Amino acid sequence: MSMHAIPPITDRPVVGSYSTYAGAQRAVDFLSDDHFPVEHTAIIGSDLRMVETVLGRVTRSKAALAGAGSGAWFGLLVGLLLTFFTVNHSAVLPLLIGGIVFGAVFGGVFGFIAHSMTGGTRDFASRSQIVAASYDVVADAEVAEDAKNRLIKLSWRED
């Protein structure tokens with residue numbers, strides 16, 4: 001199969017336009033439920049933006065607490081691994097507790113130090129995502145008309 005056999009996604013006819021990704025996804029799901037060959041479709045987002053939602057302020061104490069939590073999980077893992085090499089079954093609980101405590105202490109210290117070293121340049125936690133202003137469902141030319149007609153049925157159901 002040559003590289004020119006599959007048309008680029010942008011050269012395909014638009015069979016439906018939606019203001020949300022969920023709407024475009026619902027359209028493709030409807031086509032799939034209607035036994036349409038969805039492998040001939042794609043969802044294209046236009047006018048992309050990166051949106052960063054600020055979740056809150058990060059202080060040294062919050063960084064230390066987060067580090068302690070991560071360290072405790074790591075300490076539990078190390079403690080569990082060490083229990084495989086012990087022959088004394090009464091030492092299992094102290095190994096687990098010791099791993100959690102040491103992991104939490106070291107994690108807290110490292111979290112505090114790491115946040116302090118940033119010099120206040122990023123004192124907040126955030127979540128980033130890419131969103132589009134609109135989403136087009138496109139299909140290969142040979143099945144585009146069929147897809148359009150089926151999606152008209154979907155819009156009738158939702159009205």
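Val137 sits in strand S3, and with a relative accessible area of 0% it counts as buried, because buried means under 20%. Please keep in mind that this is a predicted model.

**The nonpolar core**

- The largest nonpolar core has 16 residues, and those touching the most other members are Val15, Val137, Ala139, Ala147 and Leu151.
- At least two residues of this core come from each of helix H1 (21-33), strand S3 (124-139) and helix H4 (141-158).
- Ala139 is in contact with Arg12, Pro13, Val15, His40, Thr41, Ala144 and Ala147, once neighbours within four places in sequence are left aside.
- Two of these partners, Val15 and Ala147, are named with Ala139 among the core residues that touch the most other members.
- Val137 and Leu93 are 44 residues apart along the chain, and 57 Å separates their C-alpha atoms.

**Helices H2 and H3**

- How do the axes of helix H2 and helix H3 pack, and at what angle? Helix H2 (residues 60-83) and helix H3 (residues 92-117) meet at about 150°, and their axes are 5 Å apart.
- The contact of H2 with H3 is made by 13 nonpolar residues, twelve polar ones and one charged one.
- As for handedness, H2 passes H3 in a right-handed crossing.

**Ala68, a residue of H2**

- Ala68 belongs to helix H2, and its relative accessible area of 17% makes this residue buried.
- Beyond its neighbours within four places in sequence, Ala68 is in contact with Ala104, Gly107 and Gly108.
- Where is Val51 in relation to Ala68, in sequence and in space? The two are 17 residues apart in sequence, and their C-alpha atoms are 30 Å apart.

**Two residues with positive phi**

- His35 has a phi near 60°, a positive value in a residue other than glycine.
- You can find His35 in the loop between H1 and strand S2 (41-57); its relative accessible area is 72%, so His35 is exposed.
- Asp47 is not a glycine either, yet its phi is positive, at about 55°.
- Is Asp47 buried or exposed? This residue of strand S2 has 58% relative accessibility and therefore counts as exposed, the cut-off being over 50%.

- Asp11 lies in the segment before strand S1 (14-18).
- With 56% relative accessibility, Asp11 counts as exposed.
- Asp11 and Ile130 are 119 residues apart along the chain, while the separation of their C-alpha atoms is 23 Å.

Key:
Residues numbered from 1 in each chain as written. Predicted model: local features only at pLDDT ≥ 70, side-chain atom pairs only at ≥ 80, totals over all residues. Heavy atoms only, no water. Core = buried A, V, L, I, M, F, W, Y, C linked by side-chain atoms within 4.5 Å. Buried < 20%, exposed > 50% of the residue type's maximum accessible area, 1.4 Å probe, protein only. Helix = DSSP H or I, 4+ residues; strand = E, 2+ residues; numbered from the N terminus. Contact = heavy atoms within 4.5 Å. Axes fitted to C-alpha atoms, helices over the stretch in contact; angles between N-to-C directions. Left-handed = near helix turned anticlockwise from the far one by under 90°. Nonpolar A, V, L, I, M, F, W, Y, C, P; charged D, E, K, R; others polar.
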